[in-house]
Amino acid sequence: MAPLIEFQNATLGYGRKVVLHDISFAIHAGDYFGMVGPNGAGKTTLLRAILGALKPLAGEVHVRAETSGEPLRFGYVPQRDSIDSILPYTVQEVVMMGRYREVGLLRSPRQKDSDIVRESLRHVDIEDLHNFAFRELSGGQKQRVLIARALATKPAILILDEPTNGMDLSSRISILELIRKLHDEDQMTVILVTHLLDDVANYVKRVAIVERNFFQVGNVDEVLTEENLSTLYQMPIQVAHLNGSKLILAGGVRGK
Amino acid sequence: MGNSEIIITILREFPYALYGSIIVGLLCAFLGVYIVAKRVVFLGAVLTQVSVLGLAITFLPITPLSHSLGSLIVTLIAVIILSRLLTGKKIPRDAVLGFVFVFSIAVRILVLQKTEQVETSEIENLLRGDILFVTPDLFYIMLAVFVGAMAVHLLFFKEFTYISFDAETAGTQGFKATFWEMVFYVIAAIVIATATHMVGDIFVFGFLVIPPLAGLLLAKRVKLIFLISMLIGTLSPLLGLFLAFKFDFPSSPAIVAVASALLAAAWTANMARKA
């Protein structure tokens, strides 16, 4: 089956500034795909290219127009700190924003849209928060609201930008388990962008290491090796295993 | 003069002042909620000064434009230039706005030095907005702006809401964030330019900030914030004009003082609720 997204020898950047050079990879339906790399390495640039907000300087980026007879929609979950709401929008109102595109110009949301909003809230286990103000929620609750809003768009691909950044351990695991559930139970294609290596090491199936001169794509075990990570971060990094989980330790002895 | 006589005098002799200040109050209070929410309050202050500069320029003998048109053109040009300058990363936004603010005031003073058409006090009155002498023409222009601005905002409420809350995600869903931002600021520029000509900079800037703040203090729902803000935007000119007549105050400052008193009441109510 043709991939949903395909980069063919694509060079990405802004004006004359090249951020990622000659990259090729594909994301297929049902993938759980991670993008990892240091801050400023080009993850956001890659994301913008996937979302169609950035045209490649060279090469091609193909995004399939439709899937299963439906237009291909992205459910985008931004970094929650990028939302600075002074106005006390309720959770219901925030999630309804995910329906605005479908509602269309000059129309008000209908009962069907309200039902989809309720269903999305139920899906991420926060239906009881529908009347709360978004700005007054905890970080984990806000993240669930933003995921619910993305689900309300009825997406083919869910894209999450640093979803666990700045969260305490239990909230972080809870969000990662929720994303895994959406992937496993709903067969949703997921793209997870993060700088936290543990998030991708133990959750995603395929991963891209994003760095200007070191772009690698493949299965987690092939890509997240001590050698690759040590090259990427320019420091010794050790990949250990504990109770079936991968642990990535900075400062370990390279190769041991 | 008794209270009923004051009311009758205002209604009979100054209907355009009364209705004009109400529609400006209402409209600025509505737009102000977005302006406060977007954290661009200083932009409101800057645009009022730019529109005053536009008015001042129309007093130059070489300028063939009417006061309204001159103010509008200069404010629109400023919005377009600011939309480019404010997205740059080299210079902070508030520094750009600060520059435009002080530049507008400085140039206005220089321009007024070179005008000989009318008395300086007359010009200053016009620049400050003399509510009591609002002409029917100016009132109907303002009414048209009010209807147009409210219609666009009500028809495209979803777009303005989404872009002001989360422009990045709205963009991924096909909403042209830059376009809607520009529509918002162009409408704001038209409203501010027309309203400043009619009621002055103090009134306009005051109503972009004070009623929305009261709404934010009192309400826990977004729709209620808009309603409270617009209610204060409507009541303050009514009460302010009455008090200006009764105690012989200048009208614009009296109206802004009433709005400020209502804000103080809102703040007190908010504190009492928390206690």
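Me: Which residues of H4(B) are buried, and against which helices of chain B do they pack?
Reply: In this predicted model, where local features need pLDDT of at least 70, side-chain atom pairs count only at pLDDT 80 or more, and totals for chains, interfaces and linings use all residues, side-chain values use heavy atoms, with hydrogens and water left out. Residues are numbered from 1 along each chain as its sequence is written, with chains lettered from A and ligands numbered from 1 in the order in which they are written. Buried (under 20% relative accessible area, with exposed over 50% and partly exposed in between, for a 1.4 Å probe and protein chains only) applies in H4(B) to Gly70(B), Ser71(B), Thr75(B), Ala78(B), Val79(B) and Leu82(B). These buried residues pack, with contact meaning heavy atoms within 4.5 Å, against helix H3 (41-57), helix H5 (93-113) and helix H9 (177-199) of chain B.

Me: Why do the buried residues of H4(B) lie on the same side, and what arc do they cover?
Reply: The buried residues of H4(B) include Gly70(B) and Leu82(B).

Me: Is Thr90(A) buried or exposed, and which residue of chain B is in contact with Thr90(A)?
Reply: Thr90(A) is found in the loop between strand E7 (74-77) and helix H2 (91-96) of chain A, where helices (H or I, at least four residues) and strands (E, at least two) are DSSP runs numbered from the N terminus. With a relative accessible area of 4%, Thr90(A) is buried. Leaving aside neighbours within four places in sequence, its contacts include His130(A), Phe132(A) and, from chain B, Arg221(B).

Me: Which residue forms a salt bridge with Asp221(A), and how far apart are the closest N and O atoms?
Reply: A salt bridge is a side-chain nitrogen of Lys or Arg within 4 Å of a carboxyl oxygen of Asp or Glu. Asp221(A) forms one with Lys246(A), the closest N and O atoms being 2.6 Å apart. The pair links distant parts of the chain, with Asp221(A) in helix H8 (residues 220-223) and Lys246(A) in strand E13 (residues 245-250) of chain A. Asp221(A) is exposed at 57% relative accessible area, whereas Lys246(A) is buried at 13%, and the bridge joining Asp221(A) to Lys246(A) spans 2.6 Å.
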